[in-house]
Amino acid sequence: MTAIRSVVLGCGSYLPQRVLTNAELATKVDTSDEWIVQRTGIRERHIAAEGEFTSHLAIRAAQAALANAGIDAQSIDLIVLATSTPDYTFPATAVAVQSGLGIHHGAAFDLQAVCSGFVFALATADNFLRAGAFKRALVIGAETFSRILDWTDRGTCVLFGDGAGAVVLEAQEQPGKPSDRGILTTHLRSDGRHRSKLFVDGGPSSTRTVGHLRMEGREVFKHAVGMITDVIVDAFNASGLSADDIDWFVPHQANKRIIDASAHKLHIAPEKVVLTVDRHGNTSAASIPLALSVAVADGRIKRGDLVLLEAMGGGFTWGSALLRW
Ligand code: ACO
């Protein structure tokens, strides 16, 4: 029995030019490079320029992904853009990206699952492609978290950065085996009882303002590793594959301690873990495609490699995806 799979044709990313180091942050709030590196692994992050919007970062990442895939933008018929920092309340940032790429057909929409956004967007596009509704999709994670940070709160402002990443997916017939190329399985979860542990204290319907990010860091940390590993075990059970089969583990880049603890619990060797949190900070929905782009560009991720993705974030939301590059 053959199967339709969503195969990755290419990926790309974009980071704003401006780099904000821990040392520079320490001149603005009461913190230190040592504290930030020890607790999070973060050394620097990129910050969007005045007038540089989420859609601008997303368009640059999408163009890089299309170039990497070697395909024309006109062959894309679906754009799913994961973001919690849209250009405007509406319309969706995805339609600005669609228009910026010169595409006037198909569908484009935003998806909001905070730091899990890219995994949720990937699963959404995968289901549309496998159902035959669309043929080629751009899945984008793009954020300007610098715009929703309280720059006087040292507990949160040191953690996040701006950026965007994208992958191009194509529906392809595959043999229907675990050795298939493409997305093999995705698993999504959410539990709204935790929504006040990581949230933005503004919105059109509540305060009519944009608001600032608020987080109970310890509470997030407490739940993260268990949720991440649970949903990865779901991926292993559904696919019949195991940690030994994984070539690359590309987790959401929130905090090196969460990543290390998750990899350790799953018996994934440290050399298989792709880490970019040191240079990017937590870019929320953008972090996974940014990390994928780095590992593809430096030659680590190659065609045929088994890649495991996971994310956890506000909501809480969490999810995993297992794919063969
Ligand atoms: N610099 C110096 N000191 C700080 C800073 C800072 N930037 N931030 C907090 N502190 C202080 C606190 O004020 C506190 O001081 P006190 O003991 O005098 O009160 C002390 O450090 C300890 O504070 P905690 O918040 O308990 O520190 P903790 O060890 O929990 O580390 C951190 C905080 C890094 C946020 C951690 O809880 C964490 O990583 N949580 C996960 C959160 C996360 O990654 N969120 C990302 C979004 S969710 C996601 O993407 C998965």
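Strands β8 and β13 run antiparallel to each other and are joined by eight bridges. Here strands (E, at least two residues) and helices (H or I, at least four residues) are DSSP runs numbered from the N terminus, and two strands count as paired if DSSP finds at least two bridges between them. The model is a predicted one, in which local features need pLDDT of at least 70 and side-chain atom pairs count only at pLDDT 80 or more, while totals for chains, interfaces and linings use all residues. Residues are numbered from 1 along each chain as its sequence is written, and side-chain values use heavy atoms, with hydrogens and water left out.

Gly 319 in β13 is the bridge partner of Ala 311. β12 and β13 form a hairpin with three residues between them, and Gly 315 in that turn has a positive phi of about 135°.

These strands belong to an open sheet of four, ordered β8-β13-β12-β11, with mixed pairing. Its edges are β8 (182-190) and β11 (248-251), each of which pairs on one side only. On average, neighbouring strands are turned by 10° against each other, direction ignored. Helix α10 (residues 287-297) packs on the sheet and touches β11 and β12, its direction making about 150° with that of β12. Contact means heavy atoms within 4.5 Å; axes are lines fitted to C-alpha atoms, for helices over the stretch in contact, and angles run from 0 to 180 degrees between N-to-C directions.

How many of the residues of β13 are buried? Eight of its eight are, where buried means under 20% relative accessible area with a 1.4 Å probe and protein chains only. Thr 317, Gly 319, Ala 321 and Leu 323 point one way from the strand, and Trp 318, Ser 320, Leu 322 and Arg 324 point the other way.

Helix α7 (residues 217-239) has 23 residues, which at 1.5 Å a residue should span 33 Å, and its end C-alpha atoms are 33 Å apart, in agreement. The expected span is 1.5 Å times one less than the number of residues. α7 bends by about 30° at Ala 224, the bend being the angle between axes fitted to the seven residues ending there and the seven starting there. Ala 224 is buried, as are other α7 residues including Val 220, Met 227, Ile 228 and Phe 236. Just after the helix, Gly 240 takes a positive phi of about 75°.

Terms used: Buried means under 20% relative accessible area, exposed over 50%, partly exposed in between (1.4 Å probe, protein chains only).
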